[in-house]
Amino acid sequence: MITFDANLLTSYFNAKYSGTAAGGATGAGGGSAAGASKTASPTGMAAAPRAPWSDNSGMLDEGGLVSKVLSGQRFINSNAIVSDVVGASPDYTKLFTLYQGLNALEGLAQKAKDGKLSDFALSALKTRFTTGMKEVADYIDTAKYDHLDISAGLLSDSVKSDGGTARTDTLYTAPSIASGSATTAVKAFEGDVRFSISAQKIGTHDPIVVNIDLAEMGSQTRSMSNVVSYINDKLKAAGLSTKFAVNRTPAQPVTSTLNGKTVTLSKGQDTFGLQIKGVTTETLTLSAPVTADAVYVAQTTGDPDKKITPKKTDASATTDATSADAAKTTDVTSQLLKFQTDTSAGAALDPSSAPADPISKVGAQYWVSGEAGQTALPNTVTNVRATASGNDGSVYVLADVNGDTDGQIVSGAQDVALMKYDSAGKLVYTRALGAADTASGFALSVSADGKVAVAGSVTGALETAATKTTTYGSGKTAVTYTSTTETGLNGVDGSLSDSFVTVLDANGVEQWTQRRGATAADEATSVAFGADGSVYVGGRAQSSMPGASGKGGWDGYVMGFTADCAAKFTVQTGTANSDKVAQVAVDGDTLYVAGINDNEVNLTSYQLSSYQTTDAKGNPLTKYAATQTGNRDLGGIGGGAINGIAIENGDIYLGGSTGNGNLLSGGAVTRAWSGGQDAFALKVSADLASTGDDTVAYYGGGGKEADAKVQFIGGKAWISGASNGDINGMARIDTGEKAQDGYIARLNLDTGAVEYQQRYTGTDGKVNPGAVAIVQNGASVLDRLGLPQGTIQQKDSTLVISGTSARTGDQFYLVDPSTNVRKTITIEANDTLKTLATKITRASGYKLKVDVSKMLGQQTDQLVIKPANNNSKMEIAAGPVGKDALKGLGIDPGLISNDATKMIDASSSNYLKTQKPIGLNFDASLNLNSDANIQKALDNLQAVMKSVQRAYTYLKYGDPQEADKSKHGKTGGAVPTYLTNQISNYQAALNRLSGGAPASSTGLFGL
């Protein structure tokens, strides 16, 4: 018996009926029979040319297109499109032209996935892809259609920015320190708990100081509620409006899954912490009478080889379904640990005055003695390579992030984020570099006046700029001018890394960014401030850096910049093999550079100088120089690394890890090498001469202590690292095969004594410390309470360049669809959301209404852009690649309109045609610089090509949504005779083919 799929014939009938209803039967060429009198096509013709994506279209396939564009043919070539329907709308030709350009780009991206391509062939693909992207983007921007209004972005009746600036927040919420009840005694309040609250009222000269001593509570229970009442009584008596409160976190049930069912193991317990309800008229500063040094360790914890199932998203959940939590596939997380050490300013005079020992906070995991805090870093953090202490007791963390972080929008695959935390582990602010493609942060430095410099590498576009603020006059007559100048290069090769350095002021506002690149790859690995605010950057390069000459292979380099970003000098050194500058430091007018040249530790000193001359026009000009004054080889590094440098009392200190037990040959070894990879710390004279005071000490055990991080304070070496063996009497905590404990230690170089050490573990028994920072007098009883030392910041910068990842000089466009007039919006250094809203409103000719409003559930402001009235329409277009402000602001490009369609005067006879808005969501920043970017390009291009196909469908058949709505969903009434006959004939055919019994027409098609 012959069988036949009824669904196939049903689909055929539906297609025939749809074509008839649209105004004519569809032919093989994709059009309708010539001369059809009815059509829903906005072109007025039923006939439509065959599309290039249809079979046997006669147009070049993707492989042919790729060959053509690689040989130099343009991606946009309207002459290559030949219509098979005479008199068809020119809109078809424009759509097909666009499609072929997109198809060629998609073909290049597919070809770039071939792992067998040579570097030369891949470079050629990247170059042509970049050229093609510009051609296609320009065509999308300039092509005008009779019946379509095509936008590169999306369509919307309003736009809200995902990025924004911080609002004033007077509420400080500390972590939970107790559980159960607010009326029971709290361990954190036991013993000697004393601290001071200093409140500076607006308009007053002297602060009001309130001393808190829980001993004054006498026999009263030191519960959350009683302690808060005691503190508030003291504040009120001092005439302050600030209040403390108990912050309750409701209990979370403890559950488990058993046989596929969720079982509640316990109801859980409420937890409690302190909360400070401040007011804008009072600035609070907290301090403690007795302090100790604090050690911060930034690390990852968890086994990267252990895979987990991504979390399912819950429609009722308040968290973003696309967050890193939901997408997580490994157990690895990043965190910042704080340890209180045994070094105390008060204990030096009176050992009994040392701060009370830290206690474990609610929810802390793998807690060990001396641990004062655990702070989870954002889930978007992939690497932390540097930390530094701030002058206000805070700690800075430099991280690589692969997604939006604390409101900072990541435009490319990876960006660099600088995060500032207070002493209690609360995030103060986050600043992103704003790279368009990929960036990594390797080095961090904080100046004496609170400026911050970060350095690393960037791939792809990054326009750089400097902001210079000059004040003329003083007092009420002072006038401040802010100017912006471009300072850096946009990369010689977009697929290779360049070095960058960014300087921010004490408030986290970017002052300038310099990008310097060789023709080959290079990266900045170290950075330091000079006393005059100059910045010195060290790194490595595979070819000559600007202003220097390469030596072969990877070379080390060091360059200097003035405080306002002018380039001072570049020195490139090395051997014919692999070299790098690992650390730089400045002492007065001497620059010290520690590098590894062909696996040998090398220390070089340079005399920094300047002199006056004139330029070609006779204008005064300052020249700078770095003259080598000393050089010393310290021995082989043995596969290790240099991770710390300091200058103290005429000596140079270096630290890191090494597999060589004979570093500093001839120097005093105060602590012996244990074999394998050990941490090390050494000291030599600042004049680099070999003396009897040269000292080296090692720290290690029976395992591997590679990649140790070292900081120096007071001639002591603080070491942080990981080990899989016993060290100095500290046995392994987790003895698993892959286990790797973390450790911190203080080493006395002069004696070799280990004065302090602590060992700890983490998730899956594996921790990997990435950076260490020491804060002198940074630990106190306030850590027990979850409260910070120093001034509590109630308000962050309201500047756009601080609150978002948009940068000074970034741009986007407003395009009026009715006139095609384009206005450029440029982000200036002193722009706030309010000034930016005014710019947009005015540039739109008041066709847009732009407000600044609070983000839902956050202390952040955002832009809200809407049409000013029902007839207002405006396209928001992305700025140039590398300078696109929309990505940094978190705004999608596209057409903003209250209407789904718009009516335009299409001819001199004033005949009105419908012009259908189509949003392509085309990303003009696509490139082929990495595997991730190649896949991103494929995904975006394929989606855009589908949008072009939908535009073709609209031209051919019209928009069903524009038909008479009163006829939609009609189920009653008589079925037309011709349709009943057709259905009967189709059903009879089915019966003959399948051998089935006759069926009613309504049974088959539901009519």
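**View A. Pairing of β41 with β42 in the predicted model.** Leu 747 faces Val 754 of β42 across the strand pair. The two strands, β41 (residues 741–748) and β42 (residues 754–760), run antiparallel and are joined by six bridges. Together β41 and β42 make a hairpin, with five residues between them. Within the turn, Gly 752 has a positive phi of about 80°.

**View B. Pairing of β20 with β21.** Strand β20 (residues 438–446) and strand β21 (residues 452–459) are antiparallel, with eight bridges between them. Val 446 is placed opposite Val 452 of β21. Five residues lie between the strands of this hairpin, where Gly 450 adopts a positive phi near 95°.

**View C. Packing of helix α3 against helix α4.** Helix α3 spans residues 90–112 and helix α4 spans residues 119–142. Their axes are 10 Å apart and the packing angle is about 160°. Angles over 145 degrees count as roughly antiparallel, and α3 and α4 are therefore roughly antiparallel to each other. The crossing of the two helices is left-handed.

**View D. Residues in the contact of α3 with α4.** From α3, the contributing residues include Lys 94, Leu 98, Gly 101, Leu 105 and Ala 109. Those from α4 include Leu 125, Arg 128, Phe 129, Gly 132, Val 136 and Tyr 139. By class, the contact residues of α3 and α4 comprise 13 nonpolar, three polar and three charged.

Note on methods: Residues are numbered from 1 along each chain as its sequence is written. This is a predicted model: local features need pLDDT of at least 70, side-chain atom pairs count only at pLDDT 80 or more; totals for chains, interfaces and linings use all residues. Side-chain values use heavy atoms; hydrogens and water are left out. Two strands pair if DSSP finds at least two bridges between them. Helices (H or I, at least four residues) and strands (E, at least two) are DSSP runs, numbered from the N terminus. Axes are lines fitted to C-alpha atoms, for helices over the stretch in contact, and angles run from 0 to 180 degrees between N-to-C directions. Angles under 35 degrees count as roughly parallel, over 145 as roughly antiparallel, 65 to 115 as roughly perpendicular and the rest as oblique. A crossing is left-handed if the near helix is turned anticlockwise from the far one by less than a right angle, and right-handed if clockwise. Contact means heavy atoms within 4.5 Å. Ala, Val, Leu, Ile, Met, Phe, Trp, Tyr, Cys and Pro count as nonpolar, Asp, Glu, Lys and Arg as charged, and the others, Gly among them, as polar.
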